[in-house]
Amino acid sequence: MSNESIRAAFESGNGKAFIPFITCGDPDLEATKALVFALQDAGADIIELGIPFSDPTAEGPVIQGANLRALSGGVTTDAILEMVAEIRAQVRIPLVFMTYGNIVYHYGIERFCERAEDAGIDGLILPDTPYEEKDEFAPACAAHGIAYISLIAPTSDERVAMIAAEAQGFVYCVSSLGVTGTRDAITTDIDALVARVRSVTDVPVAVGFGISSPEQAAAMAAKSDGAIVGSALVKLVAEHGAEAADPVARQARKLAEAVHAL
Amino acid sequence: MTNPRGRFGDHGGQYIPETLMNAVIELEEAYDRYKDDPDFKAELRSYLNDYANRPSLLYFAERMTAGLGGAKIYLKREDLNHTGAHKINNALGQALLAKRMGKTRLIAETGAGQHGVATATVAALLGMECHVYMGVEDMERQALNVYRMRLMGTEVHGVDSGTGTLKDAVSECMREWTKRISDTHYLLGSCMGPHPFPTIVRDFQAFISEEIREQCLAAEGRLPDYVVACVGGGSNAIGSFYHFIDDADVRLIGCEAAGRGIDTWETAATLNTGSLGIFHGMKSYFCQDEYGQIAPVYSISAGLDYPGIGPEHAWLHDTGRAQYVAITDDEAVDAFEYLSRTEGIIPAIESAHALAHVMKIAPTLPSDQIVVVTLSGRGDKDCAAMARYRGEDIDE
């Protein structure tokens, strides 16, 4: 069951998880496979796999670019599910999908969850599906042992308790206003957000959006249970294309070490 | 008609990032507080009448009626509003609401530029900061409107992601709104997006059908048999339909942009070619592929060049209460030219899609039938593009 595998992943290090994100099919699925193995070897505790969407409204330019490259390369949801099924036995850590509501809805929510379960997926993150709409997706996820991972934001205020009380897998804490992408500084009171979550649940909390350096990752993980890094790694994929596994692994190792050294 | 979560049947909803949830909840609460507030209503009414030139005329198109040789045709002249389109109705309503909410800054998307111009106009009128996001492709097609917005003090931001058209401008506005919420209102221009926007925009455009009712009763002593309007996101159409929804004898027809034809990929006819999906905050129909990737759409009209449709239209379509037809570029350009030479009225190319359908049905109807077609905007902005379509290059 995915809640357990995700919890175990948070506990395996020193209670702090390093969670990298990559977009599947950027630039092709062979490259994605190599990246998953490289990230695992570099010390990732969970990997977020993005299923590309044509119009990713929560993403900044870096991940928008990754979505575009992946779709231009012809990747599809079916091909991604096959790729995950193919490599799953060689990956020890939880894999969670991050995509947009329409990708799952249009595929058929039940059909998507069934195939994701068969492929060995542990969780699902839909950044455009808030608490109010989650009942459309969460029951099918639960029926297939997939953790429906909820997000909280700096603007969530009194909504945090309501969201956290029903949280599965981990709580994805959005560090700042705006879309994904690297930032020089994170000014949100993360301590207060995390405290609100912890007052209602013991589900782990990981912070994402805007984290690029090992120092930032360590600082955010120190305030929570983990750090999520996307754009900073996807930038390396944009730069190195099919040869990105080594440079991504080098950076991921630094990030993982910083998080695990806490 | 709407339940508390903004559903029209299964359509609508609030599919947006958590970061925006409290903003839309705050908007819904403010709208609920002010929509029936006498002061707010009086203030909006005074701007609509004294500034925007409402009520707009319901004009009997005598030469068009005679020329087509069938039903009596009336034009609802939203093109005579200040700024030349129906968009000012919603822009005034939302900007006044935003002011009451303490917002000082407006952001908006625009396709043809009409909504951008309307938003820039109310921002100047009410002394608010304004940023409009517009696809780079559309900025080229509608250079005059870009100038008008800048002239009124609005900053126009070109959006070059995706197809560089209306859908990308909406996506960029949503991204911008998540960056800055506390002082900023997203003045969405159509009856789409997350709840409560489809309801708010509908209500601020429903003056159109309220007036058509009164004006048609005054002129003809009865309601029209047909109300016809063009549909992109669908704001002028929902405004034209709304007060007739309970009158089963009034046929409601929305005209989508077929582009080069609904059997081609170069189309924007959502209900005629699309399927159910979730995008831009709502569940509705969208032009998309088998994996739910939103399709690049095409129409000669920048204002109808959108891959989705407002959720209330999706519901009117599902229930059969309204009918949605597709009009090609060719048919719309013919109608643009026909109305210009027959009535001396140059329609927006968007509105010409509705006129084109009227040109098809009016000759088949008896002369005692009444057709009202909403002329959502004026066509000055389109003249250069229409000339180009006919192979003539003129300087704007």
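**Which strand do seven bridges join to strand β10 of chain B?** The partner is β13(B), and the two strands run parallel. This is a predicted model, in which local features need pLDDT of at least 70 and side-chain atom pairs count only at pLDDT 80 or more, while totals for chains, interfaces and linings use all residues. Residues are numbered from 1 along each chain as its sequence is written, and chains are lettered from A and ligands numbered from 1 in the order in which they are written.

**View 1. Strands β10 and β13 of chain B, side by side.** Look for residues 251-259 in β10(B) and residues 322-328 in β13(B). Strands are DSSP runs of E with at least two residues, helices are runs of H or I with at least four, and both are numbered from the N terminus. Two strands pair if DSSP finds at least two bridges between them.

**View 2. Strand β13 of chain B is mostly covered.** Six of its seven residues are buried, meaning that 20 or more other C-beta atoms, placed from the backbone, lie within 10 Å of a residue's own. Across chain B, 62% of the 396 residues count as buried.

**View 3. The side of chain B that touches chain A.** The contact takes 28 residues from chain B and 32 from chain A; two residues are in contact if their C-beta atoms, placed from the backbone, lie within 7 Å. On the chain B side, the largest share, six residues, comes from α8(B).

Technical notes:
Buried ≥ 20, exposed ≤ 12 C-beta atoms within 10 Å, placed from the backbone.
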